[in-house]
Amino acid sequence: MLEQRHLYRERKFNKALAVKCNSDPVLLKWLADLGTGFDCASIGEICTVLRLNVDPALIIFANPCKSSAAMAFARQVGVLRTTFDNLDELDNIKAHMPETQLLLRVYASDDGALISLGDKFGAHLDTTQQLLSRAWELGLDVVGVSFHIGKRITQLLISLELTSTPCEE
């Protein structure tokens, strides 16, 4: 178990479990003990993970359209990493969480998934330059990318290619 934990933390990329897909406290605690990150889309999900004594730095506030109250809560409890995929969200983040680390949520889809979220969320490639430019104009700290495939994906190869290659520095 210790070897798995060490290997996981040495990678140049992070994976985060979407709490929405499985909020079983026993599973979440086990994953937390391994150093897993958590993708939380609501205040309730953030609270669920924080009750397990998870470091807020391991939580990504990944709701694609966050309310100002939710952003204020996340900031107050120390969750300072979030996703964005549109210009309006960047303006909201600048107003309510300007010190947060941002992940550009990119479009990723699996047409065979039971529930494909790629069609609903994520920036398409042709919009990413505009989004990144706006984030930098606002003085925001973009630190990486994020994607969410959906539920019961069938084209696992795409997902593995994106997540198994460490980012170059």
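This is a predicted model: local features need pLDDT of at least 70, side-chain atom pairs count only at pLDDT 80 or more; totals for chains, interfaces and linings use all residues.
Residues are numbered from 1 along each chain as its sequence is written, and side-chain values rest on heavy atoms, with hydrogens and water left out.

Helix α3 spans residues 43-50, and within this helix E45, I46 and V49 are buried, where buried denotes under 20% relative accessible area, exposed over 50%, and partly exposed the range in between, computed with a 1.4 Å probe on protein chains only. Helices (H or I, at least four residues) and strands (E, at least two) are DSSP runs, numbered from the N terminus. Viewed down the axis of α3, the buried residues fall within an arc of 100 degrees, so they line one face of the helix; the arc is that of the directions from the helix axis to the C-beta atoms. The elements that cover the buried residues of α3 include strands β2 (37-40) and β3 (59-61) together with helix α4 (68-77), contact being defined as heavy atoms within 4.5 Å.

The structure holds 6 salt bridges, each defined as a side-chain nitrogen of Lys or Arg within 4 Å of a carboxyl oxygen of Asp or Glu. One of them joins the side chains of E89 and K66, with an N to O distance of 2.6 Å. This pair links distant parts of the chain, since E89 lies in helix α5 (residues 87-96) and K66 in the loop between β3 and α4, 23 residues apart. E89 counts as buried at 2% relative accessibility, and K66 likewise counts as buried, at 3%.

A further salt bridge is formed by R75 and E99, whose closest N and O atoms are 2.9 Å apart. Here too distant parts of the chain are linked, with R75 in helix α4 and E99 in the loop between α5 and β5 (101-105), 24 residues apart. R75 is partly exposed at 39% relative accessibility, and E99 is partly exposed with a relative accessible area of 37%.

The salt bridge between D91 and R134 has its closest N and O atoms 3.0 Å apart. Because D91 lies in helix α5 and R134 in helix α6 (residues 125-137), the pair ties together parts that are 43 residues apart in sequence. Salt bridges with shared partners join D91, R134 and E137 into one network.
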